[in-house]
Amino acid sequence: MGNQWVWGLHLFFLSMFLVGTKYTCLGAQNSTRSCHEQERLALLKFKQSVKDDYGMLSSWVGIDCCSWKGVRCDGANGRVAGLHLRGNYAYEYDYYLEGDKVNSYLAELRHLQHLDLSGNNFKDSQIPKFFGSFKQLSYLNLSLAFFNGIIPHHIGNLSNLKVLDLRSNDILTSNDMAWVSGLSSLEHLDLSGVNLYQANNVDMVFYMIPSLTYLSLRGCDLTNADLGLHLNSSKILPTIEHLDLSSNSFEGQLPHFFQNLTSLTFLDISRYNLSLAWNSVNLLNTIPSLSKLHLSECGLHNAPFSPNYLNSSAHSNIQYLDLSFNSIEGRFPSELMNITSLKVLDLSFNSLNSSIPDMPNLLKLDVSANYLEHIELVGIWRRCHLKELSVSYNYFGGEMIGPSSNTSECSHYALEVLEAEKSELNGSIPESLGRLTGLTDLDLQSNLLTGPIPESLGRLTGLTHLNLQSNLLTGPIPESLGRLTGLTHLNLQSNLLTGPIPVTVGQLTKLVDLDVSENSLEGVVMEAHFANLSMLQSLDTSANHQLIFNVSHEWIPPFQLRSVQLSSCKILNGFPHWLQNQRMLVNLELSNASLYGLPPTWLQNMPRLNKLDLSHNKLIGSIPFSKYFMFLNLQDNLFNGSIPRSTCRRTSLITLDVSSNRLSGNIPDCLENLQHMRMLILSSNGLSGVLPSSLGNIYFLEWLKLNDNNFNGQIPQDLGKLGNLNVLDLGNNKFSGNIPKWIGKELSELRILRLHKNNFTGGIPHSLCKCSHLHILDIAHNNFTGSIPRCFGELSGMVEARHAFDFQPYEEELKLMDVIQVFKGIELEYTKTLYIVVNMDLSSNKLTGEIPVELTALAMLMGLNLSHNHLSGSIPDSIGNMKALASLDFSDNQLSGTIPPSMAALNDLSSMNLSHNKLSGRIPTGKQLQTLIDPSIYAGNRDLCGAPLQNNCSNPENPPATTSNRFLFYMDITYGFATGFWGIIGVLAFKKEWRRKLFMIAEVTMDKVYVAVAVKISKIKRGREA
């Protein structure tokens, strides 16, 4: 009984313990799911302070901030311990936060241990000083987040910090690096791209951080002095394992402290000029732990590669050696074969031209961009153990042949990656590639390969990347590609492929990127093609004009695409409704896709869509705008109405093209809000009114096309603020007044100036000559008077070859680049060749004076049109210096004299018009002039002779009369007539008696004539009556 009581007591206490434990545990669990109110409010304040177009903070609702995405709480006390808010702004623009600064409310997160704000856009704001108050912080990543200014020294207070990543886009800087001495626990420091040019104490990063193992100072604008060459090498930290000093301004001998880096395994000193470094290789020999060495672009040549410097014992641990972008030429450095530990060798972008020997232990070899003339020099079929081989950018110029009978073939090939891009390979793809069964990546793009895609590629079941774009491949897409079930990227763009897209493509369940654009594919694309492509992110079938998309309105695809390009395909059933479910869509291109009607409203609500191309369709209604759009192309549709004022709120816009629509009204005067705008194209509409002054406040604008509208008034002076403008096209409007002198002074970066067919008056300002980069100047069909400025001969953009534009256009902008020019008498639209067109058109004005001889210095000018003016004088004798001229029109002027014989030297001249002038003499002959056989070229010059005119030169030795001879001829006639006339009439005027006698004689004579005629008529009548 007593024992039962004891057991009962034990059971009671055990039950109480279990119950207490249960509720204690539950309480602990609850603490991990709740957070302190003050910290929750601080996070909400931060959320309100940033722009979150991509929903990174969409889960930040409710009272439990510990459950919010990106927030990590301490399980013991419920305090916010981590913020993981990494974006992708610097790379893909597909998710990021945007704010003017980091809200100071984050200072409330005093227990923060991990903070990652990398890859967002904080718009050049400074790193907050309060970050230095996070005493428990062990991880801080602010890389590529567009912070600007000086790194606050308060960061040095973070004594528990282990990882600090401040990689920058060259907009962060530091004036003194002494703050790193406080980072006693730091193991990883990345300051790549931080400008340290004028910073003091840079060398402290090498000896004041005792735990440091990873250090990157890549691209920090450092010099030898910053490395502390005067330091005692014993002070340098021996713990550093990874050291990146690449892309700085080092030269000469290497610092001696390298010999103390006994733990170093990775060293990158690329772009360190070692051409004069006598100790370069010897010092490297003193780091036996080194396994990865990058010496790219170091000015190395063949001399350092000798047994005295590189031997297998000294470099027995080197496994990765990068010697790219150096001056190693001729034969392969055989000394490298002594480094038996070598696994990876990069010799790309050198000048090798000899056979590449086999190195049995080598796993990766890159000899791209050398001068190898035969692919046999690489020996693909004798490298049994090699896993990666890159031979791109060579000049093979032959077929990609398989193994020959006398080649020592391998029983098995380990090759996984084969890259031969842009190597001038021709012939067919060998079937023997099917023997490389271990291949995962095959890149043969941009060659001259012909014939069909071999069926044997279907045996490469491990293939993940297949790139055959930009060749001359023919035939259908093989059904056997459907067996490559591991394929993630398939690129067959820009070939001559025909037939349908095989349904077996739908079996590629891991496919991420499918590109079959720019072929001649045909047939119908249906839902079955995509049934199993659940991982597809990018689809491009554009420029297959016979390809038809026929999917139902109800279809819900299994994938979430980021990019869709169906341009120049035929889409049935109207606008593709299945796109409505693609919430990850960033890029949508449906140009020339047979679309019609109103575009769906849901297009404007897709949060990630920033590139939209609906050009060349028959869409109607008002312009569809979204606050997310960055690149919008609506060219050549039927959109009508005015440009809404809401356009001014679309501050993310970079390019806007609404040309060739039916828009009307004025341009809204609020465009200064579009501060990211680079291209604005409103041409070929019915827009009218004067140009708003706000256009001049779009600071980054580089391309402004307002041609073919009904704008009037003068060019507003505010446009002079557009100092970055490359293209200004105001052609075919009703602008008036003079060309402002400030165009030449303020818009000095102009490449294209087109004022064609307006009502401009006055003279051509000499200030235009300051637009030295001009390569197209078109002011034809106006009312300009005066002479042609002689300083036009100083337009260097027309004198010497140079790149047409000074900015790097986005891919989306390249599609919008075009300009209309009259060339060879025909109005042409230039797009892809716009870069090379050099043209001057001053025709159809009221210009007077002579053709300036200075114009003949424009050696790159391809077209010169001065027709329909009042120019006089002769054609300059030195016109033959304009070697690039292909089109020349001087017609309908008052030019005189002979055609200069130097014109026979214009070998590119294919169109010429000298008609309706006062030219004379023999038409010169020459190689190219002999091809210009149309007589109308010279019509209206009656004193020209010789072929192709029928007017032969009568005396080869003596040319026909010149203008001065004709003048004397007519003077002789006039003198003779005057002498004869006044010799008789003058006498009769002064001699009255002579005058009476003359009239009497005349009267008697007339009577006699009358009587004779009357008698004759009477006789004739009587004869008929008889």
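Tutor: Cys-384 has a relative accessibility of 23%, so Cys-384 counts as partly exposed; buried means under 20% relative accessible area, exposed over 50% and partly exposed in between, with a 1.4 Å probe and protein chains only. This is a predicted model, in which local features need pLDDT of at least 70 and side-chain atom pairs count only at pLDDT 80 or more, while totals for chains, interfaces and linings use all residues. Residues are numbered from 1 along each chain as its sequence is written, and side-chain values use heavy atoms, with hydrogens and water left out.

Student: Which cysteine forms a disulfide with Cys-384?
Tutor: A disulfide is a pair of cysteine sulfur atoms within 2.5 Å. Here the two sulfur atoms are 1.8 Å apart. The partner of Cys-384 is Cys-410.

Student: Is the disulfide of Cys-384 and Cys-410 left-handed or right-handed?
Tutor: The handedness follows from the torsion about the S-S bond, which is about -80° for Cys-384 and Cys-410. The disulfide is therefore left-handed.

Student: Is Cys-410 buried or exposed?
Tutor: The relative accessible area of Cys-410 is 8%. Buried means under 20%, so the term for Cys-410 is buried.

Student: Is the disulfide of Cys-769 and Cys-791 left-handed or right-handed?
Tutor: The sulfur atoms of Cys-769 and Cys-791 are 1.9 Å apart. The torsion about their S-S bond is about 65°, so this disulfide is right-handed.

Student: How many disulfides does a search of the whole structure find?
Tutor: Another of them joins Cys-66 to Cys-73, with S to S 2.0 Å. The search of the whole structure finds six.

Student: How are the rings of Phe-130 and Phe-131 arranged?
Tutor: Rings of Phe, Tyr and Trp (its six-membered ring) pair if their centres lie within 6.5 Å; planes under 30 degrees apart count as stacked, over 60 as edge-to-face and the rest as tilted. The centres of Phe-130 and Phe-131 are 5.2 Å apart and the planes are at 90°, so the pair is edge-to-face.

Student: What is the arrangement of the rings of Phe-530 and Trp-555?
Tutor: Phe-530 and Trp-555 are both buried. Their ring centres are 5.9 Å apart and their planes are at 35°, so the pair is tilted.
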